[in-house]
Amino acid sequence: QGTWHAAATLGELNEGEPYGVEIAGHHIALYRVGNEYYATSNICTHEEALLSDGVLDGCEIECPLHMGRFDINTGEALTSPVEIDIQTYPVRVAGDWLEVCLP
Ligand code: FES
């Protein structure tokens, strides 16, 4: 279930630089950690900050507004003030592109 969408070229995804895209009305943040890629909702569940403006620390994204943290692999809300997990999305590499599966 879900539909695969081309989200970004691999060249646009640099280690430690979260990358925000809008696809079919979804705000998505893409991340590269080593040779692994991850995708989450780009909207913090606390207020409306964009996580792609935050700081990536290993597999944790820190929100730029109040420094709440999420695990980008599981979406789990890790540190105050965030309490609600963020959505995560499956990703796959197709040629030079990262694709994201959206519901
Ligand atoms: Fe993200 Fe407050 S808006 S921690």
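1. Two strands count as paired if DSSP finds at least two bridges between them. In this predicted model, strand β4 and strand β9 (residues 88–89) have two bridges, and they run antiparallel. One of the contacts is specific: T40 has T88 in β9 as its bridge partner.

2. β4 also pairs with β3. Six bridges join β4 to strand β3 (residues 26–33), again in an antiparallel arrangement. Within this pairing, S41 in β4 stands opposite I28.

3. How much of β4 is buried? Five of the six residues in β4 (residues 36–41) are buried, so the strand is mostly covered, taking under 20% relative accessible area as the cut-off.

4. Now the overall fold. The protein chain has eleven strands and zero helices. Of the contacts with a separation of 6 or more, 40% are between residues 24 or more positions apart.

5. Size and packing come next. The radius of gyration is 13 Å, which agrees with the value near 13 Å for a compact globule of 103 residues. The C-alpha trace spans about 40 × 25 × 20 Å along its principal axes. Of the 103 residues, 39% count as buried. The chain exposes about 5500 Å², with 45% of that supplied by carbon and sulfur atoms.

6. Two residues other than glycine deserve a look at their backbone. Most residues other than glycine have a negative phi, and most peptide bonds are trans. A24 has a positive phi, near 50 degrees. A24 lies in the loop between β2 (19–23) and β3. A24 counts as exposed because its relative accessibility is 61%.

7. M67 is not a glycine either, yet its phi is positive, at about 65 degrees. M67 lies in the loop between β6 (60–62) and β7 (69–71). With 45% relative accessibility, M67 counts as partly exposed.

8. The bond joining S80 and P81 is cis, with omega about 5 degrees. P81 belongs to the loop between β8 (77–79) and β9.

9. What sits over the ring of W4? The charged end of R92 does, 4.1 Å from the ring centre. As for aromatic pairs, a search of the whole structure finds zero.

Conventions:
Residues numbered from 1 in each chain as written. Predicted model: local features only at pLDDT ≥ 70, side-chain atom pairs only at ≥ 80, totals over all residues. Heavy atoms only, no water. Buried < 20%, exposed > 50% of the residue type's maximum accessible area, 1.4 Å probe, protein only. Helix = DSSP H or I, 4+ residues; strand = E, 2+ residues; numbered from the N terminus. Rg over C-alpha atoms; globule rule 2.2 N^0.38 Å. Contact = heavy atoms within 4.5 Å. Areas by Shrake-Rupley, 256 points an atom, 1.4 Å probe, with all protein chains shown as cover. Phe/Tyr/Trp six-rings, centres within 6.5 Å; stacked < 30°, edge-to-face > 60°. Lys NZ or Arg CZ within 6 Å of the ring centre and 35° of its normal.
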